[in-house]
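Thanks for making time this morning. I would like to walk you slowly through one model, beginning with the ligand and ending with a sheet.

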Amino acid sequence: MELFDTVFESEHEQIVFCHNKDAGLRAIIGIHNTTLGPALGGTRMWPYATEEEALRDVLRLSRGMTYKAAVSGLNLGGGKAVIMGDPRKNKSEALFRAFGRFIDSLNGRYITAEDVGIDVNDMEFIFQETENVVGVHQAHGGSGDPSPYTAYGSIQGMKAALQKVFGDEDLSRYSFAVQGAGHVGLHLVRQLQKEGAKVFITDIMEDSVAEAVELGAEAVGTDEIYDVEADVFAPCALGAVINEDTLPRLKCKIVAGPANNQLANNEAGNELAARGILYAPDYAVNAGGLMNVSIEFEGWNHERALRMTRTIYYNLGKIFDIAERDGIPTWQAADRMAEERIEILGKLKMPFMGKAHRFPGRDRRH
Ligand code: NAD
């Protein structure tokens with residue numbers, strides 16, 4: 001692997017390799033783009049088989065954060081970090097504190113949060129070394145669990161899609177096939193049921209399905225979910241669920257849900273459009289979690305989080321407009337909206353903003 005060529009290709013601003021032999025730390029921080037603000041994105045701990053795999057993952061994930069923040073109207077850039085190691089075996093206080101010091105050394109250019117393999121206890125150690133952490137516990141004045149806000153935001157995205165397709169967004173008139181009853185999925189089911197919607201649910205975990213059924217949802221099999229006659233298919237579990245096998249089976253008019261990377265590839269997004277199914281781009285729909293943590297900069301509170309999360313409705317509306325304006329599928333319209341915002345706001349910044357200069361030892365007075 002040609003390291004610099006790979007980084008040039010992905011257009012990253014900065015890659016930081018973090019290592020500490022005593023603590024067993026091997027981590028990479030990827031800062032993709034800070035045009036709009038500090039790069040924000042979680043830290044993932046994963047037993048990557050190779051360093052190349054870890055680097056590719058951090059490049060892909062941090063780039064994704066740039067797009068998510070930009071399309072969501074946030075003044076944030078895109079970043080992400082990966083720690084190489086098995087979260088069940090290789091965690092220690094020293095590891096996370098060593099990592100926290102690296103984050104601190106970036107002087108706020110990168111702000112971290114929880115991601116796969118990292119829990120609130122690990123974050124506490126990182127937090128001891130740097131202020132540049134969000135998603136901390138509410139006991140520390142943080143925003144806590146993002147999943148209710150992610151679910152609430154996803155509902156705003158669904159409403160925008162319903163408005164676009166049916167000209168009406170009263171949830172009680174529609175049916176939803178929800179795939180995954182985890183943290184976000186269960187909140188989503190609860191909120192949809194409260195609005196009087198018809199909800200189908202599936203999960204590989206029986207107890208999660210049982211919880212959703214108790215809320216009023218109807219259980220279907222994990223494979224059956226693709227064939228359900230529902231207006232909206234809402235992926236809340238895995239990525240790549242819209243693919244060549246599932247596409248011909250979908251009966252829905254809309255795909256909108258919080259799961260990351262729902263499209264197996266761009267062709268799957270094109271095919272949805274060709275089949276007359278409106279795709280609400282995942283990273284715009286699921287931005288409620290990011291919006292929620294971003295409020296920690298100003299002082300987090302619930303009302304402010306809900307208010308910001310409601311903007312997802314308008315963001316989706318703009319994406320649908322761009323798709324129509326340019327005659328392109330919605331996945332591409334979301335990317336374009338993000339790129340346009342970065343470009344225009346980047347141009348507003350003057351190269352040198354001016355400051356009061358000091359020249360010690362010189363004196364203009366006569
Ligand atoms: P989670 O792990 O709590 O829930 C995922 C659920 O999916 C689990 O209950 C799991 O059993 C189920 N599942 C796994 N494989 C399945 C399958 N084949 N069929 C049906 N169900 C299956 O995760 P979460 O935090 O609820 O996140 C769900 C999705 O939303 C993920 O893609 C995540 O990246 C994305 N997301 C979450 C947040 C957040 O705030 N938690 C924010 C943005 C995006």
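**Around the ligand**

Let us start with His 183, where a side-chain N or O atom is 2.6 Å from an oxygen atom of the ligand, and please keep in mind throughout that this is a predicted model. The side chain of Thr 150 likewise has an N or O atom that sits 2.7 Å from an oxygen atom of the ligand. With Ala 237, on the other hand, it is a backbone N or O atom that lies 3.0 Å from a ligand oxygen. How much of the ligand does the protein bury? Taken alone, the ligand exposes 830 Å², and 73% of that is buried by the protein.

Which elements give two or more residues to the shell around the ligand? They are helix H5, which covers 147-166, and helix H6, which covers 183-194. There are 19 residues around the ligand, and those that come nearest are Thr 150, His 183, Val 184, Asp 203 and Asn 260. Sorted by class, the shell consists of 10 nonpolar residues, eight polar ones and one that is charged.

**The sheet**

Let me now turn to the strands, six of which form an open sheet with parallel pairing, in the order E9-E8-E7-E10-E11-E12. Its edge strands are E9, residues 218-219, and E12, residues 278-279, and each of these pairs on one side only. Within E9, Ala 219 is the bridge partner of Ile 201.

Technical notes. Residues are numbered from 1 along each chain as its sequence is written. This is a predicted model: local features need pLDDT of at least 70, side-chain atom pairs count only at pLDDT 80 or more; totals for chains, interfaces and linings use all residues. Side-chain values use heavy atoms; hydrogens and water are left out. Two strands pair if DSSP finds at least two bridges between them. Helices (H or I, at least four residues) and strands (E, at least two) are DSSP runs, numbered from the N terminus. A residue is near a molecule or strand if one of its heavy atoms lies within 4 Å of it. A polar contact is a pair of N or O atoms within 3.5 Å; within protein, one must be able to donate a hydrogen and the other to accept it, and residues adjacent in sequence count only if both atoms are side-chain atoms. Accessible areas come from the Shrake-Rupley method with a 1.4 Å probe; for residues, only the protein chains shown count as cover. Ala, Val, Leu, Ile, Met, Phe, Trp, Tyr, Cys and Pro count as nonpolar, Asp, Glu, Lys and Arg as charged, and the others, Gly among them, as polar.
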